[in-house]
Amino acid sequence: MKQYLEHAISLAEMVEGQTGVNPPVGAVVVKDGRIIGLGSHLKKGDKHAEIQAIDMAGNDNVKGATIYVSLEPCSHYGATPPCAQRIIDTGIQKVVYAARDITLPATGHKMMADHGIDVQYAPHPRAEQLYASFFTSKTTAHPIVTVKVSASMDGKQATDHHESQWITSKAVKADVFKLRHMHDAIITGNGTLTADNPSLTVRTQDGCHPARVILTQSGNVNWDATLFHDHLAPVYVYTDQPELVSPFEHVQVVQLPDTAIETVLHDLYTKGFGRVLVEAGPKLTSQFLASEFISTFILYLAPKIIGGQGKYQYFQTDGVTPLDQLNTFEIVHSEMIDTDMKLLMKRK
């Protein structure tokens, strides 16, 4: 049983970052000791993983089979009918799932069990880790937030003269391209746009370019910047300046009462962005790192010491927070990339 459930979790992990505000889910249908159907939820609004797996196996073959699912099958009508009902209708005999969906008022578990199906909840740590951020995101109506920083050993994103290429290696840049591919949107500040002119694209084969999101309080946007002209992905400019108007049809100016990160994140969630990556300078990076909204912090450290006055130290605050009130992170993965260290941390 365990191997099939882990196959389902692996299928969910493969589509993490491409399902919008929906959770990534994987499913495996097994009959007579053979896998007869596989499925993943590929994108928001598309068939759910259970339906994909059942369709592959064929309705005539799944009677009496067992389906293994990374997340409890849904019991509600949304963009698609409930998966629990389809499982009931096809005559599947047993359902095993790795994580409960704590965001739903009615459970698929009870719905299927009430119809005589053998339903087993088999908690798995990989599934719990996969869905923890999703549950928080859905409850708060904010996207899952990852902050990425490339810095020297003494925490500088650049020298005091704003020299930043190359602090980390080109191999790190390639890893960042893969990271961007796993997110719906990238958030940066107008200061970074002006100083660095980033494209914020994915330069990997078959990569998916995330939307680009620019935050500006001043409204003094450099419309000559590269990302306004490449047409590779949508661009959103968030501002509280009512007079700011986009000169391009494909660039949307979003005017809000303020550009506080909570306000922007909530609006992005309502637009269907379920997972966002923050690549910004110290000011915006610090706001996210100090906030309650960050889920994951990825830090690339180069074996260099820059020194100076720390004008571009990646974390800066006006006040001093007591140690017992700090945001605390747990290192869940570390690896060497060329000569640099990558630390992947989850907020505790």
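This is a short chat about a predicted model of one chain.

Visitor: What kind of model is it, and what do the values rest on?
Guide: It is a predicted model, where local features need pLDDT of at least 70, side-chain atom pairs count only at pLDDT 80 or more, and totals for chains, interfaces and linings use all residues. Residues are numbered from 1 along each chain as its sequence is written, and side-chain values use heavy atoms, with hydrogens and water left out.

Visitor: How many helices and strands are there?
Guide: The chain has 9 helices and 14 strands. These are DSSP runs numbered from the N terminus: helices are H or I with at least four residues, strands are E with at least two.

Visitor: Why call it as compact as a globular protein of that length?
Guide: Because its radius of gyration is 22 Å, close to the 20 Å that the globule rule gives for 348 residues. The radius is taken over C-alpha atoms, and the rule is 2.2 Å times the number of residues to the power 0.38.

Visitor: How much of the chain is buried?
Guide: Of the 348 residues, 52% are buried, meaning under 20% relative accessible area with a 1.4 Å probe, protein chains only.

Visitor: New topic. Is strand 7 enclosed or open?
Guide: All 5 of its 5 residues, 185-189, are buried, so strand 7 is largely enclosed by the rest of the structure.

Visitor: Which way do they point?
Guide: Ala-185, Ile-187 and Gly-189 point one way, Ile-186 and Thr-188 the other. In a regular strand, side chains alternate between the two faces of the sheet.

Visitor: Which strand pairs with strand 7?
Guide: Strand 8, residues 211-216, pairs with strand 7 in the parallel sense over 5 bridges; pairing requires at least two bridges found by DSSP. Ile-187 stands opposite Val-213 of strand 8.

Methods. Buried < 20%, exposed > 50% of the residue type's maximum accessible area, 1.4 Å probe, protein only.
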